[in-house]
Amino acid sequence: MTGRQLSLLAGAGSALLLIAALGFQAAGYAPCELCILQRWPHVAAAVIAGLIWLTGRTRALAILGLAAAATATALAFYHTGVELAWWAGPSHCSGGVGDLARLTTQDLMTRLQAAPVVRCDEIAWSFLGVSMAGWNAILSAGLAGLWAVAARKGN
């Protein structure tokens with residue numbers, strides 16, 4: 001396959017991951033803040049693939065696609081670590097209590113009403129013992145590999 005074809009395949013892979021994420025959301029699995037954050041690099045990768053398709057400039061754009069896929073991989077790995085309690089996640093979506101002892105009752109009620117419903121440190125769905133964030137890390141790493149080969153083969 002040419003670098004351009006590999007780039008288009010990698011971009012399509014990101015688009016499919018986005019479609020799958022929206023499918024899970026439609027099935028009732030509301031995304032947490034980290035889940036949503038992981039989607040943006042895939043949007044960028046799909047747009048970059050579109051630019052490659054339109055312009056034919058593969059090498060430089062494929063390097064950007066590689067950066068997007070690597071970012072998606074890193075964010076998904078971070079999220080997986082939060083789910084597995086390897087490290088703390090963002091306190092506002094991972095159950096941290098922060099400064100609750102210093103809050104007034106009214107401030108506490110306001111914070112509770114504004115709190116996100118979906119926690120970042122709980123696994124909502126898994127397959128073969130791997131969470132959605134874990135699968136995103138695995139698949140995003142594979143897409144990063146495709147982008148790397150595309151950049152090497154590109155013009």
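Mentor: The expected span of a helix is 1.5 Å times one less than its number of residues; helices (H or I, at least four residues) and strands (E, at least two) are DSSP runs, numbered from the N terminus. Our subject is a predicted model, in which local features need pLDDT of at least 70, side-chain atom pairs count only at pLDDT 80 or more, and totals for chains, interfaces and linings use all residues. Residues are numbered from 1 along each chain as its sequence is written, while side-chain values use heavy atoms, with hydrogens and water left out.

Trainee: How far apart are the end C-alpha atoms of H1?

Mentor: Helix H1 takes in residues 3-26, which is 24 residues. At 1.5 Å a residue, H1 should span 34 Å. The model agrees with this, as the end C-alpha atoms of H1 are 34 Å apart.

Trainee: Which elements do the buried residues of H1 pack against?

Mentor: Buried means under 20% relative accessible area (exposed is over 50%, partly exposed in between, with a 1.4 Å probe and protein chains only). In H1 the buried set is Gly3, Leu6, Ser7, Ala10, Gly11, Gly13, Ser14, Leu17 and Leu18. Their packing partners are H2, H3 and helix H5 (132-153).

Trainee: Let's zoom in on Ser7. Which residues does it touch, beyond those up to four places away in sequence?

Mentor: Ser7 belongs to helix H1 and counts as buried, because its relative accessibility is 0%. Contact means heavy atoms within 4.5 Å. Leaving out residues up to four places away, Ser7 touches Ala49, Ile52, Thr58, Ala62, Trp147 and Ala150.

Trainee: How do H1 and H5 run relative to each other, roughly parallel or roughly antiparallel?

Mentor: Axes are lines fitted to C-alpha atoms (for helices over the stretch in contact), and angles run from 0 to 180 degrees between N-to-C directions. Angles under 35 degrees count as roughly parallel, over 145 as roughly antiparallel, 65 to 115 as roughly perpendicular and the rest as oblique. The axes of H1 and H5 come within 7 Å and cross at roughly 165 degrees. H1 and H5 are therefore roughly antiparallel.

Trainee: And what is the class make-up of the contact of H1 with H5?

Mentor: Ala, Val, Leu, Ile, Met, Phe, Trp, Tyr, Cys and Pro count as nonpolar, Asp, Glu, Lys and Arg as charged, and the others, Gly among them, as polar. On the H1 side the contact includes Leu6, Gly13 and Phe24, with Met132, Leu143 and Lys153 among the H5 residues that they meet as a group. By class, the residues of this contact are twelve nonpolar, seven polar and one charged.

Trainee: Is the crossing of H1 and H2 left-handed or right-handed?

Mentor: The axes of H1 and H2 come within 8 Å and cross at roughly 145 degrees. A crossing is left-handed if the near helix is turned anticlockwise from the far one by less than a right angle, and right-handed if clockwise. For H1 and H2 the crossing is left-handed.

Trainee: Where is Cys32, and how far is it from Cys120, C-alpha to C-alpha?

Mentor: Cys32 sits in the loop between H1 and H2 and is buried, with a relative accessible area of 4%. Neighbours within four places aside, Cys32 is in contact with His79, Val118, Arg119 and Cys120. In sequence Cys32 and Cys120 are 88 residues apart, but in space their C-alpha atoms are separated by 5.5 Å.

Trainee: Finally, how many charged residues are in the contact of H2 with H3?

Mentor: Helix H2 (residues 33-55) and helix H3 (residues 59-83) pack at about 165 degrees, with axes 9 Å apart, so the two are roughly antiparallel. H2 residues in this contact include Leu34, Ile48 and Thr55, and those of H3 include Leu61, Leu75 and Val82. By class, the contact has 18 nonpolar and six polar residues, and the number of charged ones is no residues at all.
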